[in-house]
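Reader: Could you walk me through how the pieces of this model pack together? I'd like the cut-offs along the way.

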Amino acid sequence: MRGVVMHAPGDVRVEERGDPAILEPTDALIRVSATTICGSDLWPYRGVEEVHDAPMGHEYVGVVEEVGADVRTVKVGDFVVGSFWASDNTCEICRAGYQSHCVRRVPMGSLGTQAPLARVPLADGTLVATPGMPDEDLIPSLLAASDVLGTGWFAAEAAGAGPGRTVVVVGDGAVGLLAILAAGRLGAQRVIAMSRHADRRALARTFGATDVVGERGDEGVARVKELTDGLGAPCVVEAVGTQESMMQAIRSTRPGGHVGYVGVGHGVSLPGMELFFSGVHLHGGPAPVRRFLPDLIRLIWDREIDPGTVFDLTLPLERAAEGYRAMDERRAVKVLLTV
Ligand SMILES: [Zn+2]
């Protein structure tokens, strides 16, 4: 099969990768219906993370093509959604809801789902079947559930989003935008999106932002305080992963409040004394998307949410390099690759 390989920063090609096969009795092989490029794929693309001839992609939806001898909960022909960490969903960490830290976890990014076929380890724990074959128009939303929606949902929960609360979202990429949607679904009364870009500010509004703050850094923090009786917000999502965004999130949070951080931190170092006196809870990391998948699939299936609108560019897999460029240059929020 032909799949995406990143040879070096900025050098993405679609080329022959060899077909995957069942290796373990707990594996499933899926025919990928759609896949996508992640904001985190841009770190190696920009040379911030090392990369050398790596198969790419960790988000996927598709149809089960073959299962190993021990697979019980999914069968050939099922349409399935999985997260970017394969997990057994049975170990103590999984049962506590932290499947992204499963003791047997396998990163799907190491297998590379930007391809027509993907091997999914620990299939029973990793994959969730939809109630039937989805209508074509539901596929983008189901694909969003595989990472960006699930990650935004976790961030909103980790930030303590709930009925009547005010939630600030730092970051206007796909995860930040879907954290806005999640905060609203979790009952937040007010959702303040921090974004400078006109098109993304408009998108933030469509996902339920009630206020938009264009300022950044100290000015952004001051603006959030103005909007929250001078206290800062009780719930803040950080969905970027830089020093500036992390400090903006912490400083926008009131004492006793929560920061849910899901931007993959690069070069972030937290000042201990400031943290000590902030009285802020920090919780985040790679989102345990698998915890949320059954609920998210139901909400999408019942057409209660439409996170698929986060995809603003669709390309065939063969043109993946163009998709990376568009996301790198911020011409696209999120690129859907059809297979
Ligand atoms: Zn586990």
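Reader: Which crossing does helix 8 make as it passes helix 9?

Author: This is a predicted model, where local features need pLDDT of at least 70, side-chain atom pairs count only at pLDDT 80 or more, and totals for chains, interfaces and linings use all residues. Residues are numbered from 1 along each chain as its sequence is written. Helices here are DSSP runs (H or I, at least four residues; strands are E, at least two), numbered from the N terminus. A crossing is left-handed if the near helix is turned anticlockwise from the far one by less than a right angle, and right-handed if clockwise; helix 8 passes helix 9 in a crossing that is right-handed.

Reader: And how are helix 8 and helix 9 oriented to each other?

Author: Helix 8 (residues 217-227) and helix 9 (residues 243-251) have axes 9 Å apart, at an angle of about 25°. Axes are lines fitted to C-alpha atoms, for helices over the stretch in contact, with angles from 0 to 180 degrees between N-to-C directions. Angles under 35 degrees count as roughly parallel, over 145 as roughly antiparallel, 65 to 115 as roughly perpendicular and the rest as oblique. So helix 8 and helix 9 are roughly parallel.

Reader: Which residues of helix 9 meet helix 8?

Author: Contact means C-beta atoms, placed from the backbone, within 7 Å. From helix 8 come Gly217, Gly220 and Val221, and they meet Glu244, Gln248 and Arg251.

Reader: What about helix 5 and helix 6: how are they oriented to each other?

Author: Helix 5 (residues 148-158) packs on helix 6 (residues 174-185) with axes 7 Å apart and an angle of about 60°. Helix 5 passes helix 6 in a right-handed crossing. The pair is therefore oblique.

Reader: How far apart do the C-alpha centres of domain 1 and domain 2 lie?

Author: The bounds, from an automatic or database domain assignment, are 2-147 + 288-338 for domain 1 and 152-284 for domain 2. In contact are 14 residues of domain 1 and 13 residues of domain 2. The centres lie 26 Å apart.

Conventions:
Two residues are in contact if their C-beta atoms, placed from the backbone, lie within 7 Å.
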